[in-house]
Amino acid sequence: MAPVRGDRVEIVVELGGGETRTYEIVATRAGRRVETTTGRGVVEVTEVTRTGEIVRTARFMQTRVIAVVEHPADDGAAPSERPAPPDQPALGF
């Protein structure tokens, strides 16, 4: 089985004058994850280790952020093989 590389988050930011730029934050090593938080007018994307230690952080002004797209890590299982969350029935696809 190939090692899982964690999450990936894309942030689309308005630069002004109709111009946009896309930033991509990727978990750089197996076992790390990317967390997204919003507060006080700032969108913060952080790469975190298994133990919760922050590796790096990117901050964006909330008024300039157009989109935040989160791509969770693929665990290798087909969607029909993944267990349904306990509060939802399986769809059986």
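These legends accompany several close-up views of a predicted model of one protein chain.

View 1. Let us start with an overview before moving in. The protein chain has six strands and zero helices, and from the N terminus on its elements follow one another as β-β-β-β-β-β. Of its 93 residues, 18% count as buried. The accessible surface amounts to about 6900 Å², and carbon and sulfur atoms account for 51% of that area. If you look at contacts between residues at least 6 apart in sequence, 38% of them join residues at least 24 apart.

View 2. To find your bearings, look for valine 13, which stands opposite arginine 21 in S2. Two residues lie between the strands of this hairpin, and glycine 17 takes a positive phi near 65°.

**View 3. Three strands line up as an open sheet.** The strand order in this sheet is S3-S4-S5, and the pairing is antiparallel. S3 (33-39) and S5 (54-61) stand at the edges with a single partner strand each, so one side of each has no neighbour in the sheet. From one strand to the next, the twist averages 20°. Between S4 (residues 42-48) and S5 there are seven bridges, again in the antiparallel sense.

**View 4. Nonpolar residues gather in a core.** Which residues make up the largest nonpolar core? There are 11 in all: Val9, Ile11, Val13, Ile25, Ala27, Val34, Val43, Val45, Ala58, Phe60 and Val65. S1, S4 and S5 each supply at least two residues of this core, and S1 gives the most, with three. Alanine 58 makes a handy landmark within the core. Apart from its neighbours within four places in sequence, alanine 58 is in contact with Ile25, Val43, Glu44 and Val45.

View 5. Arginine 32 sits in the loop between S2 and S3, while threonine 49 belongs to the loop between S4 and S5. Are these residues buried or exposed? Arginine 32 has a relative accessible area of 18%, which is under 20%, so arginine 32 counts as buried. Threonine 49, at 14%, is also buried. Not counting residues up to four places away in sequence, threonine 49 touches Gly31, Arg32, Arg33 and Val55. The side chain of arginine 32 also makes a polar contact, at 3.3 Å, with the side chain of glutamate 47.

**View 6. Arginine 40 is an exposed loop residue.** For the last stop, move to the loop between S3 and S4, where arginine 40 is found. Its relative accessibility is 88%, which is over 50%, so arginine 40 counts as exposed. The backbone deserves a look here too: phi of arginine 40 is near 55°, a positive value in a residue other than glycine.

Terms used
Residues numbered from 1 in each chain as written. Predicted model: local features only at pLDDT ≥ 70, side-chain atom pairs only at ≥ 80, totals over all residues. Heavy atoms only, no water. Pairing = 2+ DSSP bridges. Helix = DSSP H or I, 4+ residues; strand = E, 2+ residues; numbered from the N terminus. Buried < 20%, exposed > 50% of the residue type's maximum accessible area, 1.4 Å probe, protein only. Contact = heavy atoms within 4.5 Å. Areas by Shrake-Rupley, 256 points an atom, 1.4 Å probe, with all protein chains shown as cover. Axes fitted to C-alpha atoms, helices over the stretch in contact; angles between N-to-C directions. Core = buried A, V, L, I, M, F, W, Y, C linked by side-chain atoms within 4.5 Å. Polar contact = N/O pair within 3.5 Å; in protein donor to acceptor, adjacent residues only side chain to side chain.
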